[in-house]
Amino acid sequence: MREEFWFHFPFRVRYSEVDAQAVVFNAHYLTYFDTAITEYFRALGYDYLGEVARTGIDFHTVKSVVEYKAPIRFDEDIDVCVRVAKIGRSSIVLTLAIFAKGSDDLRATGEIIWVATDQKSHQSVAVTEDLRALIASRETALA
């Protein structure tokens with residue numbers, strides 16, 4: 001499964017992220033996903049804040065799913081992998097996976113769905129052709 005992802009972002013689990021059993025508290029998985037998604041778009045060369053300022057279009061998260069496969073523990077090194085699985089008219093479906101660092105040891109999977117939204121009207125709008133092309137340049141399944 002790891003080979004499905006061109007992008008990964010490393011983390012080391014901090015003490016503040018674990019519960020009393022020294023396992024990552026469930027809400028932190030979404031923080032890992034969000035940070036890795038930001039870094040994914042940075043790696044693509046997408047100027048997220050610049051595009052929001054220029055176009056008035058931002059993305060709203062409309063769905064978040066986390067499936068917990070195996071515990072992630074305090075001080076463990078992990079890789080959060082990200083790919084765009086699908087682009088609809090106004091939506092982007094991101095697939096995520098967390099692995100023990102440098103291995104195929106799967107700890108969690110996830111899905112985040114964003115909808116492009118005009119920030120003045122709060123209505124969905126089409127994902128720009130420029131962003132579609134940028135994503136397709138790295139996501140060969142979408143090209």
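## Basis of the description

Because the model is predicted, local features need a pLDDT of at least 70 and side-chain atom pairs count only at pLDDT 80 or more, while totals for chains, interfaces and linings use all residues. Residues are numbered from 1 along each chain as its sequence is written, and side-chain values use heavy atoms, with hydrogens and water left out.

## The sheet

Five strands form an open sheet in the order β1-β3-β4-β5-β2, and their pairing is antiparallel. Strands (E, at least two residues) and helices (H or I, at least four) are DSSP runs numbered from the N terminus, and two strands pair if DSSP finds at least two bridges between them. The edges are held by β1 (7-12) and β2 (57-68), each of which has a single partner strand, so one side of each is left without a neighbour in the sheet. Neighbouring strands of this sheet are turned by 25° against each other on average, direction ignored.

In general, strands of a sheet pair through backbone hydrogen bonds, either parallel or antiparallel. Here β1 and strand β3 (residues 77-87) run antiparallel and are joined by six bridges; Phe9, for instance, has Val80 in β3 as its bridge partner.

## The helices

Helix α2 (residues 48-55) lies across β2 and β5 (106-118), and runs at about 140° to β2. Axes are lines fitted to C-alpha atoms, for helices over the stretch in contact, and angles run from 0 to 180 degrees between N-to-C directions. Helix α3 (residues 129-136) also packs on the sheet, where it touches β2, β3 and β4 (91-100), and its direction makes about 125° with that of β3.

Helix α1 (residues 28-44) packs against α3 at an angle of about 90°, with the two axes 10 Å apart. The two helices α1 and α3 are therefore roughly perpendicular to each other, a term that covers angles of 65 to 115 degrees. Tyr40, Phe41 and Leu44 in α1 meet Leu131, Leu134 and Ile135 in α3, where contact means heavy atoms within 4.5 Å. The residues of this contact divide into six nonpolar, no polar and no charged, with Ala, Val, Leu, Ile, Met, Phe, Trp, Tyr, Cys and Pro counted as nonpolar, Asp, Glu, Lys and Arg as charged, and the others, Gly among them, as polar.

## The nonpolar core

A nonpolar core is a set of buried Ala, Val, Leu, Ile, Met, Phe, Trp, Tyr and Cys residues joined through side-chain atoms within 4.5 Å. Buried means under 20% relative accessible area, exposed over 50%, and partly exposed in between (1.4 Å probe, protein chains only). Of the 33 residues in the largest core, Phe41, Val80, Ile92, Leu94, Ile98 and Ile135 touch the most other members. At least two residues of this core come from each of β1, α1, β3, β4, β5 and α3, and α1 gives the most, with eight residues.

Thr117, found in strand β5, is buried, with a relative accessible area of 4%. Thr95, which lies in strand β4, is also buried, with a relative accessible area of 15%.

Arg73, by contrast, has its place in the loop between β2 and β3 and is partly exposed, with a relative accessible area of 42%. Arg73 and Val13 are 60 residues apart in sequence and 7.0 Å apart in space, C-alpha to C-alpha.

Technical notes:
Parallel < 35°, antiparallel > 145°, perpendicular 65-115°, else oblique.
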